[in-house]
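Visitor: Please take me through this model, one feature at a time.

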Amino acid sequence: MVGITSYGAYIPFYRLSRARISEAWGGRALPGEKAVANYDEDSITMAVAAAMDCLTGVDIQTIDSLYFASTTSAYKEKQASATVATALDLRRETFTADFSGSLRAGTNAIRAAMDSISSGSARNVLICAADMRLGLPMGEKELSFGDGAVALLLGSERVIATIEGSYTISDEIIDIWRLDKDTFVRSWEDRFIREKGYASIIPEAITNALEKYSLTAKEFSKVVFYARDPRDLATVARELGFDIKAQVQDLLYDTVGNTGTALAPMLLVAALEEAKAGDRILFASYGDGCDVYVLKVTPEIENARDRRGVKGHLAAKEMLASYQKYMRWREIIPVEPAARPPLEQPSAVALWRDRKGGLALHGVKCKQCGTPQYPPQRVCMKCQAKDDFEDYSFADRKGVLFTFSHDNLAASIDPPTTVAVVDFEGGGRIVCDMTDRGPQQIKVGMSVEMTFRKIYEVGGIPNYWWKCRPVRC
Amino acid sequence: MGSIKDKVAIIGMGCTKFGENWDKSASDMIVEAAYEAYEDAGIEPNDIEAAWLGTWKTYECGEPLAVALKMPYKAVTRVENLCASGSDALRNACYAVAAGAYDVVLAVGVEKLKDSGWSGLPDFAYMVPHYPGTGRMESLTAPGHFAMLATRYFDKYGLSPEEGKKILAKIAVKNHHNGVLNPKAHFQREITLDTALKSPIVAWPLGLYDCCGVSDGAAVAIVTRADMAKNFRHDPVYVKALQIATSPQEGLLDPEYDYAHVEETYRAGVAAYKEAGISNPRGEISIAEVHDCFSITELVIYEDLQFSPRGQAKEDVEAGFFELDGGLPVNTDGGLKCFGHPIGASGLRMMYEVYKQLQGKAGARQVKNPTLGLTHNLGGVPGLATVSVLIVGL
């Protein structure tokens with residue numbers, strides 16, 4: 001039977017206390033903090049991070065499809081899943097598709113994956129959901145939105161949570177939306193959103209789903225569903241007869257915030273981290289309708305524990321010092337540019353030639369002398385053998401920080417820039433920037449890992465490459 | 001392999017004041033330096049038979065040199081080799097004379113950096129992208145990369161950042177002291193150890209006074225055949241060695257590179273000493289003008305050029321060995337530290353100092369009876385560098 005065979009999550013390193021935002025604008029101080037993607041992250045890079053977590057111990061040759069779900073893809077026209085698939089080094093025959101347009105995009109993708117696996121067109125389907133939505137400054141959405149990503153692998157072998165049933169309704173409503181040209185998410189009056197949207201659609205869909213599968217509220221160990229805030233969650237959970245404390249999955253509102261498309265599946269991952277074999281989980285998303293799934297956890301769950309997941313990423317964090325920093329990272333306010341030469345637009349042709357080396361961090365290993373080298377070479381740096389190499393991936397290799405500097409002169413949205421020389425376990429060296437770090441903690445000899453980032457965007461081209469960071473967790 | 005030793009000589013040199021020359025264009029500076037050199041050599045502009053223009057970004061061709069000097073229908077070639085551009089222009093000029101193609105030639109180094117509107121150097125990201133044209137690379141600034149040399153040097157030799165920075169500060173204080181004695185220097189101000197140590201961080205662990213300035217300048221040399229040199233003056237300076245070592249990028253790719261030395265400097269030095277017939281550089285070289293783009297660079301150069309044993313340059317710094325009255329005065333004119341670093345001009349500016357010192361015309365900075373002088377340029381960054389070592393003598 002089709003089900004989830006692996007899971008992973010990604011929550012950015014940085015968190016912004018909601019108190020910092022309230023201090024800036026006055027008004028009600030909301031509790032908790034929100035996860036804030038670093039200035040070099042976006043939905044594509046976070047999706048890659050979550051997928052890398054999900055693919056721990058998975059043979060990527062068995063993946064037939066990759067779905068990327070987000071309302072905040074870097075591109076309106078160009079497929080993000082193609083970028084993610086390349087960064088993950090998936091097979092060229094992988095069927096890639098982007099799901100968008102609604103916070104239901106992630107659960108839409110689950111449905112498509114189920115159907116594809118059931119029909120035999122794919123064995124294993126990787127789904128990445130990521131969002132980093134923006135609310136206007138001073139508004140409730142800015143306070144509640146957080147950034148994050150999640151990845152689920154669906155298949156029919158070694159299933160950790162079987163999908164026993166699914167149900168969906170589609171609904172036309174303008175409650176939360178964003179136009180093609182908008183930067184910030186729009187919303188209609190709160191009471192309308194709740195009464196005719198969320199708090200009416202979720203109960204309708206869940207009630208119908210339970211009826212369809214002849215299940216009752218009490219038969220679920222865990223109920224996982226989307227909500228904008230804990231109050232909405234509580235209202236709907238009560239109405240449906242779920243025990244909030246015992247059954248309903250915490251919304252991560254105080255620790256991560258509303259991660260949009262990623263939220264419902266992220267809550268599911270949090271539930272799976274605690275689940276035992278035999279648990280039945282009810283799972284629902286919201287956005288222009290509602291997708292409902294009934295899941296049953298299998299004993300295989302015990303083989304999928306070594307993930308960073310939600311728990312690991314939650315624990316490894318650093319607080320942003322100020323709201324201004326967040327404003328600068330998101331380029332919400334113009335700031336005086338550094339007096340440095342402007343960056344050149346990268347050549348799309350050169351980026352295309354470098355798609356393996358740059359996106360998948362592929363180097364080469366000399367077949368004559370065995371020396372791993374990045375970037376790919378034509379002539380071996382050690383033995384000068386010509387064109388006698390095999391592909392060699394550095395993306396998931398840990399390394400040791402050989403030397404570094406904290407550079408205040410380099411133009412950066414978040415100075416100083418930490419420049420690093422990293423020596424990989426197993427050989428090879430890279431010079432790259434370091435991200436997600438407190439400058440005080442950086443020492444020669446510390447252990448680092450590679451992370452996929454957007455190094456900059458110039459002339460309409462987001463330039464993705466890799467940086468190092470202290471081993472996250 | 002052959003040798004350039006004693007085949008050609010420098011018979012005239014000129015050098016502008018270095019600094020933020022807001023009121024001078026690159027061609028203004030070329031004219032100033034060239035006419036000083038003509039006068040010094042006692043020749044007329046039309047005696048020049050061919051010219052090499054060393055510049056990094058100011059000009060992309062040789063034409064502007066002919067235009068500035070109204071040099072009629074001679075061969076003019078632009079030479080670019082990063083921070084060694086000026087030295088390489090001189091090297092090419094010397095080779096042309098040694099080949100017997102010309103008798104009197106001109107080597108020019110110039111750079112106009114301060115028309116840019118920003119601090120620091122122009123973009124040199126083209127140099128080390130992991131894949132050409134993609135811009136996929138680390139954030140590249142000169143201080144950021146040379147700071148990594150300091151981090152590792154300190155770590156390798158067990159120096160705390162505080163101890164390490166103190167040694168670097170001594171180098172800055174020395175160079176500033178020498179610069180005060182030089183009217184052509186950009187900065188002519190003494191600094192104290194305390195000032196250097198308390199300066200704001202540019203790229204940890206390097207502070208403001210560990211970094212050279214950014215300035216404009218030009219310098220010029222006139223080269224002739226060694227057997228003709230005394231026809232022009234009684235004290236020509238003879239070329240003993242012209243060496244360049246260019247990195248195949250190993251240091252950025254290969255964990256064997258220790259980031260506590262610059263291999264290209266060592267290699268260029270070894271080759272130059274061989275060409276000049278020098279077996280004991282520490283004892284034989286009278287003065288050296290080296291590429292102190294950063295204080296750590298100068299510290300490491302002492303070891304790479306074999307002036308000090310590995311890991312022991314700090315003892316020589318503490319003993320004042322490289323000061324004006326020391327055993328081997330280094331950067332007697334104030335170095336890049338006080339002249340700033342107009343890329344294409346620096347190599348010939350260094351040669352100007354060595355030339356004047358060897359002729360006994362260095363004024364308050366004059367070193368006692370020098371016979372052999374060395375200039376060193378380091379282009380690029382540790383791990384990926386182009387280094388020139390030139391040696392001249394009486």
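Guide: The dialogue below goes through domains, a strand and a chain interface.

Guide: This is a predicted model, in which local features need pLDDT of at least 70, side-chain atom pairs count only at pLDDT 80 or more, and totals for chains, interfaces and linings use all residues. Residues are numbered from 1 along each chain as its sequence is written, while chains are lettered from A and ligands numbered from 1 in the order in which they are written.

Visitor: Which domains does the assignment give for chain A?

Guide: Domain bounds come from an automatic or database domain assignment. For chain A they are domain 1 (3-329) and domain 2 (357-470). The C-alpha centres of these two domains of chain A are 31 Å apart. Their contact involves 19 residues from domain 1 of chain A and 17 residues from domain 2 of chain A, contact being C-beta atoms, placed from the backbone, within 7 Å.

Visitor: Which helix of chain A gives the most to the side of domain 1 that touches domain 2?

Guide: Helices (H or I, at least four residues) and strands (E, at least two) are DSSP runs, numbered from the N terminus. On that side of domain 1, helix 2 of chain A gives the most, with 5 residues.

Visitor: Is strand 12 of chain A largely enclosed or open?

Guide: A residue is buried if 20 or more other C-beta atoms lie within 10 Å of its own, exposed if 12 or fewer, and partly exposed in between, with C-beta atoms placed from the backbone. In strand 12 (residues 280-284) of chain A, 4 of the 5 residues are buried, so the strand is largely enclosed by the rest of the structure.

Visitor: Which strands pair with strand 12 of chain A?

Guide: Two strands pair if DSSP finds at least two bridges between them. Strand 11 (residues 222-225) of chain A runs parallel to strand 12 of chain A, joined by 4 bridges, and A:Val224 is opposite A:Phe283. Strand 13 (residues 289-297) of chain A is antiparallel to strand 12 of chain A, with 5 bridges; here A:Ala284 stands opposite A:Val292. Strands 12 and 13 of chain A form a hairpin with 4 residues between them, and A:Gly287 in the turn has a positive phi of about 155 degrees.

Visitor: How many residues of chain A are in contact with chain B?

Guide: There are 40 residues of chain A in contact with 35 residues of chain B. Strand 18 of chain A gives the most to the chain A side, with 6 residues. Strand 18 of chain A also runs antiparallel to strand 5 (residues 201-204) of chain B, with 2 bridges between them; A:His406 has B:Trp204 as its bridge partner.

Conventions:
Two residues are in contact if their C-beta atoms, placed from the backbone, lie within 7 Å.
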